[in-house]
Structure formats: structure tokens, C-alpha cells
Amino acid sequence: MKTKIIKLDSLTINKIAAGEVIERPSSVVKELVENSIDADSTEITINIQEGGKKLIEIMDNGNGMSHDDAVLAIQRYSTSKIRTADDLFSIHSLGFRGEALASIVSVAQVEITTKTKEDELGTLLSIKGGEIKINKKTTASNGTRIAVRNLFFNIPVRRKFLKSITTEINHITEFTTKLALAYPNISFSLNHNGKSLITAPKGDTISQITSIFGNKVAKACISIDKKENDYLITGFITKPEFSRKSKDYMYIFVNKRPISNKLISDAILQGYGTAIPSDRYPIVFLFLDLPTEEVDVNVHPTKKEIRFSKEPFIFSLVESCVQNSLTENGLKIFERVSDTRVQPTLFKEISKEKVIANTQFSDTTRIKSTVEDKTSIRMIKRRDQPIEHFLPEGDKKGRDKEIQIEKKVSIRVIGLIKSTYIIAETEEGLLLCDQHAAHEKINYSKYLRQLENMKVSVQKLLAPVSVQLKPSEFQMIEEMKLQLKVYGFDVEVFGKNEILIRSIPSIMGVTISHEVAKDIIDIFKEHNKEIKENLVLEDLDFIKEIVSLFACRRSIKSGDKISVREAEKLIAELLSLKEPFTCPHGRPTIIILNEKYIEEIFQRDYR
Ligand SMILES: Nc1ncnc2c1ncn2[C@@H]1O[C@H](COP(=O)(O)OP(=O)(O)OP(=O)(O)O)[C@@H](O)[C@H]1O
Ligand SMILES: [Mg+2]
């Protein structure tokens, strides 16, 4: 390798920098819209073509730029937003690095038309690959219009790796949604290939929530308004019954900047306590206004990350705010005790001590655990697993009677315990079957078989269920309509951002609640890539999720009383499957305590 060092030219430097700031079309939208907001605009229009690959156009009615400023703006490190390094410690604008425009113009063809209200004529700049091609005065209205064409035209590798149009437009839609929520005093409109995706006229936060998420979500909102010294927390949370399977409905803003931050989302979840199961998330729109000097946004090139100087304080403030609002609205909140959701960094030490204290065995438990270690229960993993594998470890006496499970002749159901487990007697010993897991496995296998044969039996719903989606989800589900049909879901577009589920796979019943309908959408949304890639059916996690969603609500639940006949039928049906011994999630469906094991527990060492 040559060792001679050269200084890179400015286009190359800008292209490298652009790699960090401009990752995809949505980053261009982000940077340009943030500039429009910083320029005090009250109306922002975003026009996109082909997911932003062809065109990204942002028009605002903000302050505009003078001719000299416009020329300067496209150069690196030129900004009107900070003056000295000290300003970095109290940033009030969304931009501050003076990098975004320089990056964009170095990787696309850009046209800027801008005019301040003091100037009579505006400026038109046309830039290609960082070089100004046209620079002239023009008639224009106050404000700025920036059109970005053919993004990454000069970085073919980058362009090639741009995601699908749907993915890109979803990012853009989601980002616009967040800004519309954070700036209700600005009217936003987003159009894709001439079709309107978001129209959020000026108003307040709740009117933005209504126009983007629909009436139902808006009506479920509980307001939060808490001020403690210089800390202000406002916004809305929703009652636990509105929880979703996906985190995507937790909108958090710090000083009007949309952020995703584990500390804050954990604090919100902690505030909900046990009111929401640990695999679900609430719908929240929370705005934190914190002293700028306590928030560091200069951590990541895209400003995605944020750091707080008083983490524990912010954690407990958010937690108590959420908790108090819920209790004031008549909900009893129980604290999560053994929460797997992470506590803030500074609390870790305490929790560690707690864990140690809890795992100090008392004498009795210690004795119990050693007994268990010696003769542990073996779970059946395969149908042809020889019986010796179910014997206590180290005991090979049973070797001479290698009975195969295959040869099992009869099963006699003895009864049910806790309305959950079927107890039966088999030749091998005592059989325990989790009726819920068993039924889930049976449903799962049926559904897979139908899918393999491309013949999913479908149930038309007596009452179709409508689901209000947010714009980015609506796009995605609309595109997936045909795939959904293959899986037995007939979905129809119904009004703006609303869909109607008309039929479902028949193994799942005849009706679905609104909650289940939302969960189905969340599951398809979460696994949209997986579904599109057409992987081997058994590998598709979302099928397991769909089946267990229904299994939880419809198939025999633990707690449901079933008759002996039904129990026999269930076990027989389960054992007729190729892989009967584990549920779709890998948990056991059946456990056999063989005779030898039972004898050992009773210490009947008479042989
Ligand atoms: N839509 C706009 N209206 C008015 N001025 C603008 C607009 N867009 C950009 N500018 C001006 O151009 C300058 C450079 O913009 P650029 O986005 O490159 O940097 P920045 O916003 O200052 O910082 P950052 O790189 O963090 O975004 C801004 O500081 C601002 O003065
Ligand atoms: Mg900027």
C-alpha cells in the first residue's frame, strides 16, 4: 500500500460526511423539514416521487435566505444557528452543524429557490454533485423550495442498496407524523406520487392526533401536564386497554425532537406497572421540555441519540407522571416487582443486591434443589426417543427395556388439574399435558398444512372489523393485501387510513374483537419483511404469533374445563402430529414422569 498522504478534495470530504448524515431518502426529508421548522415556517409541503428516489421536494413559507446566504448555506460548516462552541451546550434549533445541505448537494441534483420578505427578488440555485450550475435571481414567493432529484446518483453502490419504495415512504410518513405531532402550530402535508398521505392542518396536539390516528385514539387520550421546576412534561397517554403489540405507538419528544430513548420508554412502562402485560406497549404521545443544558443531542451524526445529565431524576419524574395520571383516572396501578424491563443505569447496583438476597437459599430449598438435580424430569423431544432418556441421569438399569414411544398402546385420562393440565396414565408412566399448549400446536399444524397446500380455509366474519391505522401502517398493509389473502385474511381499504378485515382463517373462529384485529395488523406489520421474502413456512415466526394470538383467545385456554372425552381426543390428535411434544414456541406440550422416576421420588428402592 502507498503511504503517501494526500488531502482529500472538498467534494470527497462532503460525500464521506454525507454518508453519515444522509443514509436514505427519509434522512433528506428530515434535514430539509427541520430546516423549514428552524426558519419559522407555518406551512410545510412535502412532495415525494418513487419513495424519494426520484424526487424529494420541500416547500415552506419560512424566513427564506438572501442570495449570499443561499450560496453559503450549501457549504460545509456554514450555519446561522450557532455562533461559538459554547452555543453547543444550549441548542434551541433542530439544526446546528451546518452540514446537512452540503451533504445533500454533494450526493444529488438539487434546486433551491428561496426569498426573504425583505428582498424583492429571490434566488435560484441549481447544484449537481456539489457544483453550482445555475445561480440567478428569480421571482418567488417568500420562503424556500428545495427539490432533490436522483439521490445518490454519483454513489451507485448506495443507490443500489436503497430499500423498496414502500419502505422508504413508510420512513418518510412516520417521520412526518412525528413532526406534525411535535409542531401542531405548523400545517404539514405529505404527498406521494400525487396521492395525499398526511394532511395535518394547524391546530393543537389533540387535533393532530385526531387527523393522523383517528377519533378512537384521540378519545382514549388522558392528558398529562406536569411542571416541576424547569422540567415540563405534557402530552397524552392512553388507558392500558389500548395497548399494542408494537412499540411504534410510543411517541416521545424531548424539546420537540422526536427521539427513541430506552430510559424514557422504560420509565413510561414502569409507570403503567402491571396494568400492561410485559409484551405489550401503551399508546403515548409524551413531550418533555427540559433545560437545554441538561440534554446532549450532539452524540450522533443524525441526532438520533440523546443523553441526559440527570437520568434517575428524569426516570422517576416520567414514571410518577404516568402513574399519577392513570390513578387519577380510576386505575389501580401495581408496581412491577421482578421487572425484566431494564432499570436506569444508576439503579442497577441496587437491583443487583436485591437479586443476590433473593437467591440465598434457605436450607430446605437447598435440599430440594439437590434432590431435583439428581433425578430430573426428562422431557420428550422426539417421538422415537428411547425410554432410557427419560430415566434419572446415571441410571442405566432400564437399558434392557428400551420401549419406544411409538409402541405406546393406550392412554387413560385420569382427570384435570387446575383446569389446565390433563393427567393420564400411559405404559411409560404418568402423562401430564398442557391443554392450551396442545391445542395451540394442533391449530398451528393444521394452519401450516393448509398453507402448504395453498388452501387456507377461510371464515367470512359476520361483522367485519374496522381498524384505524396510522398513515405509515396503512401504506404497508395496502401493499400487502394480496399476501394477506394467501394467509386467509381478507382486508379491504375503507376510508382514509382505515381498513376492514372481512375474513380470517377458519381455524381461528368466527369473530374477532377489535383488539385482536389490531394485533393482527401489528403482527403483519412487524413481520412484513419476513412475509415478503417467502421463506420456508416452518421458519416464519409470524405464523406462530398469529396462531398463538388466536389460541390465547379461542382454543382451549388453561382454566377452561374440558371433558375426559375431549381430553382423550386432544391427546390423540396431538400424538398424531409429526412433532407433538413441543408447542410452536418450543415449550413442552406433554411431560411424562416415568415409573422409575416416580419410584425414585418416593425412595422405593426395592428392586
Ligand atoms: N428552508 C430554509 N429556510 C431558511 N434558511 C434555511 C433553510 N434551509 C437552510 N437554511 C439556512 O442554511 C443553513 C445551512 O443549513 P444546514 O441544514 O446545512 O445546516 P444547519 O441546519 O445549520 O445544521 P444541521 O447540519 O445540523 O442541519 C442554515 O443554518 C440556515 O441558515
Ligand atoms: Mg439543517
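Which residues of H16 are buried? I started my notebook with that one.

**Entry 1: ground rules**

I am looking at a predicted model, where local features need pLDDT of at least 70 and side-chain atom pairs count only at pLDDT 80 or more, while totals for chains, interfaces and linings use all residues. Residues are numbered from 1 along each chain as its sequence is written, chains are lettered from A and ligands numbered from 1 in the order in which they are written, and side-chain values use heavy atoms, with hydrogens and water left out. My H and S labels are DSSP runs numbered from the N terminus: helices are H or I with at least four residues, strands are E with at least two.

**Entry 2: helix H16**

Back to my opening question: the buried residues are Val516, Ala517, Lys518, Asp519, Ile520, Ile521, Asp522, Ile523, Phe524 and Lys525. That is 10 of the 13 residues of H16, so I noted the helix as mostly covered. Buried here means under 20% relative accessible area, exposed over 50%, and partly exposed in between, with a 1.4 Å probe and protein chains only.

I also checked the length of H16.

**Entry 3: H14 against H16**

Next I looked up helix H14 (residues 471-479), whose axis comes within 10 Å of that of H16 (residues 514-526) and crosses it at roughly 75°. Axes are lines fitted to C-alpha atoms, for helices over the stretch in contact, and angles run from 0 to 180 degrees between N-to-C directions. H14 and H16 are therefore roughly perpendicular. The cut-offs are under 35 degrees for roughly parallel, over 145 for roughly antiparallel, 65 to 115 for roughly perpendicular, and oblique for the rest.

I found Glu473, Met476 and Ile477 of H14 meeting Ile521, Asp522, Phe524 and Lys525 of H16, where contact means heavy atoms within 4.5 Å. This contact has 4 nonpolar, no polar and 3 charged residues. Ala, Val, Leu, Ile, Met, Phe, Trp, Tyr, Cys and Pro count as nonpolar, Asp, Glu, Lys and Arg as charged, and the others, Gly among them, as polar.

**Entry 4: the sheet**

I traced an open, mixed sheet of 8 strands in the order S5-S4-S3-S6-S2-S1-S7-S8. S5 (131-138) and S8 (195-200) are at the edges with a single partner strand each, so one side of each has no neighbour in the sheet. The twist averages 10° from one strand to the next. Two strands pair if DSSP finds at least two bridges between them.

Then I followed S2 (residues 55-60), which has 5 of its 6 residues buried. S2 pairs antiparallel with S1 over 6 bridges, and Leu55 is the bridge partner of Gln49. S1 and S2 form a hairpin with 5 residues between them, and Glu50 in the turn has a positive phi of about 50°. Another 6 bridges join S2 to S6 (residues 143-149), again antiparallel.

**Entry 5: helix H6**

I saw H6 (residues 165-182) lying across S1 (43-49), S7 and S8, at about 175° to S7. H6 also packs with H7 (residues 205-213) at about 155°, the axes 8 Å apart, which makes H6 roughly antiparallel to H7.
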